[in-house]
Number of protein chains: 2
Amino acid sequence: MKLQKETKTGQSERKRWYDDACGTAFALDLIGERWSILIIRELMFGPRRFGELRAGLPGISANILTQRLEGLEANRILVRRRLPPPASARVYELTEWGYESEPIVQMLGRWATRHPEHDPTLPLSAASIMMSFRTMIDAKRAGEMDARLGFRLGEDAFVAHVHGGQIDIQRGDPATAEAQVSGAATMLAAVVYGGEALADLEAQGLLTVDGDRALFERFVTLFVLPPKLAEPAG
Amino acid sequence: MKLQKETKTGQSERKRWYDDACGTAFALDLIGERWSILIIRELMFGPRRFGELRAGLPGISANILTQRLEGLEANRILVRRRLPPPASARVYELTEWGYESEPIVQMLGRWATRHPEHDPTLPLSAASIMMSFRTMIDAKRAGEMDARLGFRLGEDAFVAHVHGGQIDIQRGDPATAEAQVSGAATMLAAVVYGGEALADLEAQGLLTVDGDRALFERFVTLFVLPPKLAEPAG
DNA sequence: CTGTATCCGTGTTGATACTG
DNA sequence: CAGTATCAACACGGATACAG
């Protein structure tokens with residue numbers, strides 16, 4: 001059972017696995033190492049380059065990212081591709097099966113946000129907040145809406161299409177949408193999940209809304225975090 | 001942000017966390033360390049003692065299990081209780097919120113079994129195989145059935161109630177069920193997932209069926225692993 | 001039996017510096 | 001920009017000793 005590609009020197013297959021027929025244990029053999037699941041999260045909206053991954057994973061070091069990408073490729077969760085010239089940059093892209101792990105990423109997130117110490121004001125990648133929209137949308141509240149919103153979060157641009165109680169999100173040009181939001185992902189999170197007043201952040205120049213402003217104001221009400229656990233008595 | 005209880009010596013809160021507002025990252029702060037999710041799996045059918053956990057987690061060492069139990073308790077995923085006298089043994093039990101992680105455990109397992117290198121013949125704990133029944137039951141095939149099956153897997157005893165396309169599983173006395181199966185969890189897995197002939201294992205004395213034998217023969221057909229990934233061309 | 005504490009060898013992780 | 005090399009800190013697993 002070789003899950004980790006051998007190094008050039010022929011050693012080091014992988015020393016610590018669970019050796020357990022349980023599928024859950026095997027999943028952890030595949031993606032249980034530190035950072036792996038967050039790399040998958042960063043790839044959920046399409047191929048990314050090494051540096052883009054690094055930017056979305058503050059704290060990871062280059063050598064660890066290299067190791068993880070090798071491991072995930074060997075485990076068939078992602079493939080390494082070269083973009084057609086003239087770009088011809090190297091990108092990492094989830095396999096079809098890799099994309100199937102989305103519910104795992106979502107459930108982990110939904111479950112953990114019930115913990116009282118979860119802090120939504122910490123830094124956040126663009127992929128994270130867009131993924132949270134898919135996880136946290138309230139189908140009832142979104143049921144009536146049919147609209148496109150555009151997001152420009154640093155280097156990352158997305159278009160979200162809310163319709164039928166769902167939300168489709170793709171990387172794309174925000175200008176094609178009915179409303180556009182620009183700013184840091186963290187500021188968007190502050191408005192949607194942190195209860196910050198949009199007007200305040202706009203006044204400070206931290207967030208900008210163009211186009212159909214009322215649409216965005218309605219949009220931010222579509223997402224509801226699950227209820228927090230009761231604090232222990234005391 | 002203290003998620004890890006301090007030791008008596010006052011050091012070591014926890015050095016490596018992700019510092020990310022993303023719920024998924026926070027989930028991994030809570031349960032992302034090696035063994036944590038498998039400990040949760042072992043607790044999914046009710047409270048367990050230290051030694052029982054150890055038995056279900058081959059390869060874990062006592063000090064690591066102690067560390068993880070402390071961490072999971074500090075993170076409110078489980079609580080430590082003392083059984084009422086005369087047993088008065090110490091047991092570990094998931095909190096209500098801890099039990100809510102079941103879908104995560106299940107999705108990890110379901111997703112990973114599509115990998116061609118998943119090996120269902122490896123050793124397996126009793127909790128693992130019973131959990132796999134909940135994960136892998138085919139609602140259509142089970143739709144007609146309403147029956148109770150009992151399992152005696154080493155020290156562990158369960159009763160499964162199949163009804164309405166679902167399966168309820170609890171620790172309990174197998175004798176109360178219409179059919180009883182005894183043997184190692186691995187042997188049960190060999191029949192249900194490994195395509196081994198029940199008669200062969202019985203002939204070797206590795207598995208024993210009492211009561212309504214036809215019921216058990218039908219039972220083993222209710223569980224279907226998701227399709228394997230295609231092997232890479234070559 | 002149920003843990004807890006400590007030591008030790010090894011492997012993993014991560015920060016920094018560096019190369020193509 | 002995309003990684004590799006090196007080194008130090010830490011986590012893990014095994015063994016063992018010990019306490020209730």
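Student: In which sense do strand E3 (residues 146-153) of chain B and strand E4 (residues 156-163) of chain B pair, and over how many bridges?

Tutor: This is a predicted model, where local features need pLDDT of at least 70, side-chain atom pairs count only at pLDDT 80 or more, and totals for chains, interfaces and linings use all residues. Residues are numbered from 1 along each chain as its sequence is written, with chains lettered from A and ligands numbered from 1 in written order. Strands (E, at least two residues) and helices (H or I, at least four) are DSSP runs numbered from the N terminus, and two strands pair if DSSP finds at least two bridges between them. E3(B) and E4(B) pair in the antiparallel sense, over eight bridges.

Student: Which residue in E4(B) does B:Phe151 stand opposite?

Tutor: E4(B) pairs with E3(B), residues 146-153. The residue in E4(B) opposite B:Phe151 is B:Phe158.

Student: Which are the edge strands of the open sheet?

Tutor: The sheet of chain B has five strands in the order E5-E4-E3-E6-E7, with mixed pairing. An edge strand here pairs on one side only, and the two are E5 (166-171) and E7 (207-211) of chain B.

Student: Which element gives the largest share of the side of chain B that touches chain A?

Tutor: Contact means C-beta atoms, placed from the backbone, within 7 Å. Chain B and chain A each put 46 residues into it. Helices H1 (23-31), H2 (36-43), H6 (102-112) and H7 (126-136) of chain B each give two or more residues. The largest share, nine residues, comes from H6(B).

Terms used: Two residues are in contact if their C-beta atoms, placed from the backbone, lie within 7 Å.
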